[in-house]
Amino acid sequence: MTNYSSFDNEYKYSLMKKSHLTSLLACLLIFSAMPSYAETELTIEGLDGELEDNVSSYLSAIKESEYSTSLRFQSRVKQNIVDALKALGYYNPIIQFQIEGDTNDPDADNEIIVTVDAGIPTIIYESDIVIEGDAATDVDFMRLVDRSKLNLGQVVNHGNYEGLKSALRNLALQKGYFDGQFIDTRLQVSPSRNQAFVHLHYQSGQRYVFGQTTITGSQIEQKRVQSLVPYENGQPYQSVLVGELNQNLSSSEWFTNIFVEPDIESVDEDKSLPMKVRVSPQTRNQIETGLGYSTDVGPRGKLSWKKPWLNKYGHSVGASVMLSHPEKTFTANYKIPLEDVLHDYYLVQYGFKDEDDNDTDSQEQNLSFERHWLYDNGWHRTIYLRLLYEDYVQASESGHSLYVLPGISFSRVRTRGNTMPMWGDKQSISFEYGDPSLLSDTRIVRVVGHTGWVRGIGRNHRFLTRLDAGGAFADDWSEVPPSLRFFVGGVNSLRGYGYEEVSPRDSNDELEGGAYMATSSLEYQYRVTGNWWGAAFLDVGDAWTDTPEWKRGVGLGVRWASPVGPVRLDFAYGLDADDGDEFRIHFTLGPEL
């Protein structure tokens, strides 16, 4: 019996194979028969500088796939060039087209060469720019008009014209001319005479002034919160002062949500603009934790607690603990803001430090009473009285020290930029004095100063310099505890040497600390790629009592501008280190200044 079903399936499969083969051959024939498209290049000659850039910008709107030798394409190119040159004040250009190649051969590549003569520029023949209203005598408006490049005899530029209109609107909003409007805006051009006529009349109206500032939602008494307002009632409005108000409220750390808005509906005839401020209290308790590592102290951890506002007077309290192998510290503080909340305050601090490193075993306690002033120029002045008690063993010396040290310090930090700024500096200096008549163990004067600079050249070169110096002048040096002596060495001091391992040594070759200290550093950095930099450095310094014996360290490093701060890895060589101890690797995370 014949199986017709099986035979039928085999026959169908054979037909399908033939059908697929026929389709494939047909596709190959079609593709082989398709014509290849020629390429057309477009070259612009005769222009340079700003004219060339603007023409290139206008022509970029035409896709390369649309290039051809057709008259329609040439007309489109010509119109774009004309528009680009008009915008910069050239209304009578001469444009010529030349085609190189065989336009009759569809497979041939062609080049369209456009030669452009920009012609005579159109000069501003009449500059009729008038500012009326209160802004007529405003220096900022006068300066804006003077810098607009729309004066008599200058080449007319449509961008400068539109830019001035936009700048006037923005400046009016920034300085409180909220009723300002343009009365006349005309830019007329006579191409045949190459002359332009600018007509720009702006009526600013009356300038608004700050009215009463109402702050709601505050848990702090109004007198202290109002001290954060950076302007007086009746003072001319400036948007920058509104931003400063917002920043001041945030810097106080008393509030979380802050919303500042002008009360437009309550403006009176004198253009007095009331300000409404709504705030929400900051959380009562803030806890932070942190982990870090550096080759100087190894792994370290930190736990801090802060109560940003303790009562309606804005007092705050905080404490922190930091643990590492050589050092354990605990600090606590109580802050009392004065009438000028952000700039004047009292601070009471207590600190305990347990250090067991090298030849030092010390338990140090400090209680200080401080008065702080923060000035608008960035300087921070502090006058304080510090009570120091220290129980220590330093090399072969041991003892208990008690000092009452009145002192004064000045400091300032300035930077421009992000994590690794291209410009910045830091200065600080402090003076302390102790006397037996004030319960100190011996008479001592201690001075410590620091200066550091960061300067960049272009985007890829940075230079860092640093100088630290200090001296302790005591009647009886044997009574001076380790915390008032000087030790140098380590990543932020003298690279190529161990952490605080450079100081005078006693007869047992143990560190005893110096009466004086000076270190300096010069570092060059080059951006390798992105946020990665290479570095080369030279450090010089010493801590001494009689005569300095300068130690030098050189090396290479890697810098990474991470989101949380600069990460530094240094390979340093101590040129004057002991044999076998010259090479050091330093790693740290933190600011460079």
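Predicted model: local features only at pLDDT ≥ 70, side-chain atom pairs only at ≥ 80, totals over all residues.
Colleague: Why do you call K165 and E162 a salt bridge?

Modeller: The closest N and O atoms of K165 and E162 are 3.5 Å apart. Residues are numbered from 1 along each chain as its sequence is written, and side-chain values use heavy atoms, leaving out hydrogens and water.

Colleague: What separates K165 and E162 in helix α5?

Modeller: About one helical turn, because they're 3 residues apart in that helix. (Helices are DSSP runs of H or I with at least four residues, strands are runs of E with at least two, and both are numbered from the N terminus.)

Colleague: What makes K165 buried or exposed?

Modeller: Its relative accessible area is 12%. Buried means under 20%, exposed over 50%, and partly exposed in between (1.4 Å probe, protein chains only), so K165 is buried. E162, with 43%, falls in between, so E162 is partly exposed.

Colleague: How do you know that K175 and D138 form a salt bridge?

Modeller: Their closest N and O atoms are 3.0 Å apart, so they pass as well. K175 sits in helix α5 (158–175) and D138 in the loop between β4 (123–132) and α4 (139–146), so the pair ties together parts 37 residues apart in sequence. Both K175 and D138 are buried. The structure holds 31 salt bridges.

Colleague: Why is E501 called partly exposed?

Modeller: E501 has 28% relative accessibility, which puts it in the in-between class. E501 also has a salt-bridge partner, R584, with the closest N and O atoms 3.3 Å apart. R584 lies in strand β25 (583–589) and E501 in the loop between β20 (461–474) and β21 (516–529), so that pair ties together parts 83 residues apart in sequence.

Colleague: What makes the sheet with β7, β8 and β9 open, and in which order do the strands run?

Modeller: The order is β7-β9-β8, with mixed pairing. β7 (209–216) and β8 (255–262) stand at the edges with a single partner strand each, so one side of each has no neighbour in the sheet.

Colleague: How do you know that β7 and β9 pair?

Modeller: Pairing takes at least two bridges found by DSSP, and these strands have 6, in the parallel sense, so they pair. In one of them, T213 has M275 in β9 as its bridge partner.

Notes:
Salt bridge = Lys/Arg side-chain N within 4 Å of Asp/Glu carboxyl O.
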